[in-house]
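Dear colleague,

Please find the sequence and structure below.

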Amino acid sequence: MHKRMIKEDVYWLGAIDWDRHLFDALIPLPEGTSYNSYLVYGSEKTVLFDTVDPEKKDILLEQLKDVEKIDYIVTHHAEQDHSGSLPFVLEKYPEAKVVCMAKCKSMLIDHLQLPEDCFKEVKNGEELSLGNKTLSFHFMPWVHWPETMVSWLKEDRILFSCDFFGSHLATSDLFATDKSRVYTLAKRYYAEIMMPFKLQISKHIKKVREFDPLMICPSHGPVYNEPGWIIDAYDEWGSGLPENKAVVLYVSMHNSTRLMVEHLVDELVNQGVSLRQFDLIGADIGEIALELVDAATIVIGTPTLFGGPHPNVAYAAFVANILKPKAKFATVVGSKGWGGKVAERLVEMLPNLQAEILDPVICRGLPTDEVKQSLSGLAEQIAKKHQELGLK
Ligand code: FEO
């Protein structure tokens, strides 16, 4: 694919990775991803923003074949999917300077062993003239790593946001025209890597609103040529109330936990609570993260294995804990053959959740009528708690 014009003197370059299925050896990519670079021609200086995953370096180098000179390679973030092809681009343009902030420079030296003299270090808010265009650089830590910055192209009112507002989406669309598809994938992306830092991100959103961009160019997924809706969505995901919704995560070994979960889910639906139920054997952890963005209650269902939760349940609890969703309530249901403190063990795994823990329901063997009554009571309690908070 050739480079594509976004507007006069501003181009998209990069690689669409249709076939990548896993990111960071952790995150499933149901719709692939892209690694976006951008090229801006000023009247005096030419700038490349970020590179691509090193696996795709040849695509970027081919797109650059008729670009004679690059003065600056702005590097927003040191993660390899954007910085990994820097050594190859620098080999083609040895006079180019890598423009980044101090923390990013140190990480790039660690990860890529780049020489000190290839850098032009910039400070927060610093401007760089390209002749008829002006860039400025703004420190926005934790979107996604602590060194991340964004770039503002003043005259064109374009924000180059790197991972911020990104989506893991391989698409031939240059712009985010299929809004519902991009919304879901951007929300999933937010859930997977931004949600733990939602407090910092809320502050960054305020800064983005001050820019009032006409376009946002992220490093994954399509360009936002009407960026208002994605900025509003980030606000809602990060700082709005959760919804009248539960996420039910469970594993069952001998059907006891499954019967409990099914009873609880039926009762929650009867009580007007919307929900998603995930059997954790084979579940997509990204799909779970997506649902955690606005769920008010997390229910974990587990059998007892060696006195504790099933390993897949422990994994899901670990992920939910590190993602720090805004759930207000959490509880555990499950079964045991003879003993163990499975509920206590699970609750100990969730220190980051600022959620009220509702009394767990644990039974021995198959659920009796009495256990089912307890589960009905739990569903009623969850629905009431949601109502008291006015959740919709
Ligand atoms: Fe797309 Fe954090 O790298």
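Angles under 35 degrees count as roughly parallel, over 145 as roughly antiparallel, 65 to 115 as roughly perpendicular and the rest as oblique. They are taken between N-to-C directions and run from 0 to 180 degrees, with axes being lines fitted to C-alpha atoms, for helices over the stretch in contact. Helices (H or I, at least four residues) and strands (E, at least two) are DSSP runs, numbered from the N terminus.

The model is predicted, so local features need pLDDT of at least 70 and side-chain atom pairs count only at pLDDT 80 or more, while totals for chains, interfaces and linings use all residues. Residues are numbered from 1 along each chain as its sequence is written, and side-chain values use heavy atoms, with hydrogens and water left out.

Helix α5 (residues 179–194) and helix α9 (residues 285–292) pack at an angle of about 90 degrees, their axes 8 Å apart. The two helices, α5 and α9, are therefore roughly perpendicular to each other. In contact terms (heavy atoms within 4.5 Å), Thr-184, Lys-187, Arg-188, Ala-191 and Glu-192 of α5 meet Gly-286, Glu-287, Ala-289 and Leu-290 of α9.

As to domains, whose bounds come from an automatic or database domain assignment, the chain is divided into domain 1 (4–238) and domain 2 (243–385). The contact takes 14 residues from domain 1 and 15 residues from domain 2. Taken over C-alpha atoms, the centres of domain 1 and domain 2 are separated by 38 Å.

I turn next to the sheets, in which two strands pair if DSSP finds at least two bridges between them. β1 pairs with strand β2 (residues 10–17) in the antiparallel sense over three bridges, and Met-5 stands opposite Tyr-11 in β2.

The other open sheet to report has five strands, ordered β10-β11-β12-β13-β14, and its pairing is also mixed. Its edge strands, β10 (127–129) and β14 (215–218), each pair on one side only. Strands β11 (residues 134–139) and β12 (residues 149–153) form an antiparallel pair over five bridges, where Ser-136 stands opposite Trp-152.

A nonpolar core is a set of buried Ala, Val, Leu, Ile, Met, Phe, Trp, Tyr and Cys residues joined through side-chain atoms within 4.5 Å; buried means under 20% relative accessible area (1.4 Å probe, protein chains only). The largest such core has 87 residues, and Leu-108, Phe-165, Ile-230 and Tyr-234 have the most contacts inside it. Helix α5 gives the largest share of this core, eight residues. Both domain 1 and domain 2 supply at least three residues to this core.

Finally, Thr-75 lies in the loop between β7 (72–74) and α2 (80–83). Thr-75 counts as buried because its relative accessibility is 1%. Beyond neighbours within four places in sequence, the contacts of Thr-75 include Asp-50, Cys-104, Leu-108 and Met-149.

With kind regards

Definitions and conventions:
Buried < 20%, exposed > 50% of the residue type's maximum accessible area, 1.4 Å probe, protein only.
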